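Student: I am new to this structure. Please pick one part of it, look at that closely, and then connect it to the rest.

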Amino acid sequence: MKPFKLFGIKPEERIQALVALVLIIVLNALFIWRMHDLFMQEGFGPYWKTFERELHLSGYDPLTYLGVTDWDTVYNVYRHPLLAFFIYPLYLLNSGLSALLGVNCVQYIVALFLVVCSLYSYLFTYRIHREILLLTRFDATLMSVFYFSMAYIMLSVIVPDHFTISMFLLLLTLYVSGKCLVRNKELAWWQSALMFFFTAGVTLSNGVKTFLAGFFVNGRHFFRLRYLLLGVLIPAALMWGVSCWEYRTYVWPKEQARAAAKQKKAAEREQAIASMSTEQQRMVREQQEKRKQVLARQAAKSGTPMKKVGFLSWTDTSTSRIRSIYENLFGEAIQFHRQHFLGDTLVFRPVFVSYDWGVCYVIEGVIVLLFLVGLWAGRRQRFLWLVLSCFAFDMSIHLVLGFGLNEIFIMAPHWLFTIPFAIAYLFRNTCGICHFLLRATIVLLSFYLILYNGIPLVDFLLSPIQSTI
């Protein structure tokens, strides 16, 4: 947990870190170039309309752009309790630069933050393979490249959402926990509390993974009163208290004001319709009905919730789990579908899209098979059980409860690292010709994924945006 040692780039990492940094910067530069005519307007206009209307990268939201441009608690305060406060310094920096230069510098500021998080996500992936899973330098590099060649990991380096930050923090947590396991040391309560502060502050559900890390590292000592109280219960209670305070202070008054304004607008609309001719009223009613049908179709993509109020309103009981697994969970997350490329499920993209080429399903099958065999090979390793417990927690949220099931692939940075970490145990348990064949397979898969995912992504970034404004 020594910052300079933890974030310092080691000699054996320098070349690949430089290569990764250049590639990450290039992708971010292309994305800035694509959007900058719209997003760098002079002054501070209604940016939220521009961002929400024009920024379509799968189902990712432009909330970070909104918060850095005009700060507010733009995220759901129960799911992302401290994220708005974490980006507040970026807002201050953007305000100063915008006042000085006369343009909105949000893209450059957020891109710089994403570049740092993406680079260290790569480095922590490499270090986990190298120092915890004990692979050779070549194999650790190969598995790290394999991970970043997957579709929604490659995409995450440019997405102005919270997922890249979450991936960085989760990999950091796994790295620190893995080092404790290797050195046969326990996590201190303050380490657990500190990691929970950041992981849960960005995404509340990820805080559970910090507690899982403490359980697998400390074993039965996890339940010692001091650790349980100071490292788990008090931080969790404080985080929930902050979420409730945020809602009452920032969100509830605005919801009340919006509801009142909506009611007033509806009344004015009804008065205006009443003053129209019969034909005009018929046309307006038809437009309203069409709008209701569009909203109903969009709501249908979110599935049927267990309840329509509270947290259970985010659940989904009707979307097919089986098809979600092979088309989205292990499909779109790893290989982009060519049809509806980067389409938003809540706008135009169907929940399920099939691959045009049968070979994509073959590739998916090979990766899943290697993943399952890797789980068997590492079945006695505590670190793999830690990683797998985090994966199981995510799957219980998405596949069992159905939270975000219709766009589960955008959550890939939260759990997709489980695949290369599991496959890494195959490298540890093979030798001779088997090791050579495994290495060759991962090389071919990485090369294929880089081309298959990279070419359409770069082509998308280079194509001119079709503005709807």
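Tutor: Start with a cut-off: a residue counts as buried under 20% relative accessible area, as exposed over 50%, and as partly exposed in between. Keep in mind that this is a predicted model.

Begin at the loop between α7 (106-132) and α8 (137-148), where L134 is found. L134 has a relative accessible area of 58%, so this residue is exposed. Its backbone deserves a glance too. The phi of L134 is positive, near 60 degrees, and this residue is not a glycine.

Now go to the other end. N104 sits in the loop between α6 (88-101) and α7. Is N104 buried or exposed? Its relative accessibility is 0%, so N104 counts as buried. The N104 side chain has polar partners. One is the side chain of N94, in a polar contact at 3.0 Å. The N104 side chain also reaches the backbone nitrogen of V106, at 3.2 Å.

Next, the charges. Side chains of opposite charge can pair when their charged atoms come close. Which residue pairs with E131 at 2.4 Å? The partner is K10, and the two side chains meet in a salt bridge, with that distance taken from N to O. E131 belongs to helix α7 and K10 to the loop between α1 (3-7) and α2, so the pair ties together parts that are 121 residues apart in sequence. The two ends are placed as follows. E131 is buried, because its relative accessible area is 18%. K10 is partly exposed, because its relative accessible area is 26%.

E131 has another salt bridge, with the side chain of K179, at 3.0 Å from N to O. This pair also links distant parts of the chain: K179 is in helix α10, E131 is in helix α7, and 48 residues separate them. K179 and E131 are both buried. Put together, K10, E131 and K179 are linked in a network of salt bridges.

Step back to the whole. A search of the entire structure finds eight salt bridges. K209 is in helix α12 (residues 207-218) and D394 in helix α17 (residues 382-401), so the pair links parts 185 residues apart. K209 is buried, because its relative accessible area is 3%. D394 counts as buried too, because its relative accessibility is 2%.

The domain assignment of the protein chain gives domain 1 (11-188) and domain 2 (321-462). Their C-alpha centres lie 20 Å apart. The contact takes 44 residues from domain 1 and 47 residues from domain 2. The size of an interface is often given as the accessible area lost when the parts come together. Here the two domains bury about 4100 Å² between them, with 78% of it on carbon and sulfur atoms.

How many salt bridges cross the interface of domain 1 and domain 2? The rule finds one. R439 and D139 also form a salt bridge, at 2.9 Å from N to O. Between the two domains there are 11 residue pairs in polar contact. On the side of domain 1 that touches domain 2, α7 supplies at least two residues, and so does each of α2 (14-39), α8, α9 (151-154) and α10 (163-182). Helix α10 gives the most to that side, with nine residues. By class, that side has 29 nonpolar, 12 polar and three charged residues.

L342 lies in the loop between α15 (321-332) and α16 (358-377).

Helix α15 itself holds Y326. Y326 is partly exposed, because its relative accessible area is 34%. Leaving aside neighbours within four places in sequence, Y326 is in contact with G331, Y361 and E364.

Methods
Residues are numbered from 1 along each chain as its sequence is written. This is a predicted model: local features need pLDDT of at least 70, side-chain atom pairs count only at pLDDT 80 or more; totals for chains, interfaces and linings use all residues. Side-chain values use heavy atoms; hydrogens and water are left out. Helices (H or I, at least four residues) and strands (E, at least two) are DSSP runs, numbered from the N terminus. Buried means under 20% relative accessible area, exposed over 50%, partly exposed in between (1.4 Å probe, protein chains only). Domain bounds come from an automatic or database domain assignment. Contact means heavy atoms within 4.5 Å. Buried area is the accessible area (1.4 Å probe) that two parts lose on being put together, summed over both. A salt bridge is a side-chain nitrogen of Lys or Arg within 4 Å of a carboxyl oxygen of Asp or Glu. A polar contact is a pair of N or O atoms within 3.5 Å; within protein, one must be able to donate a hydrogen and the other to accept it, and residues adjacent in sequence count only if both atoms are side-chain atoms. Ala, Val, Leu, Ile, Met, Phe, Trp, Tyr, Cys and Pro count as nonpolar, Asp, Glu, Lys and Arg as charged, and the others, Gly among them, as polar.
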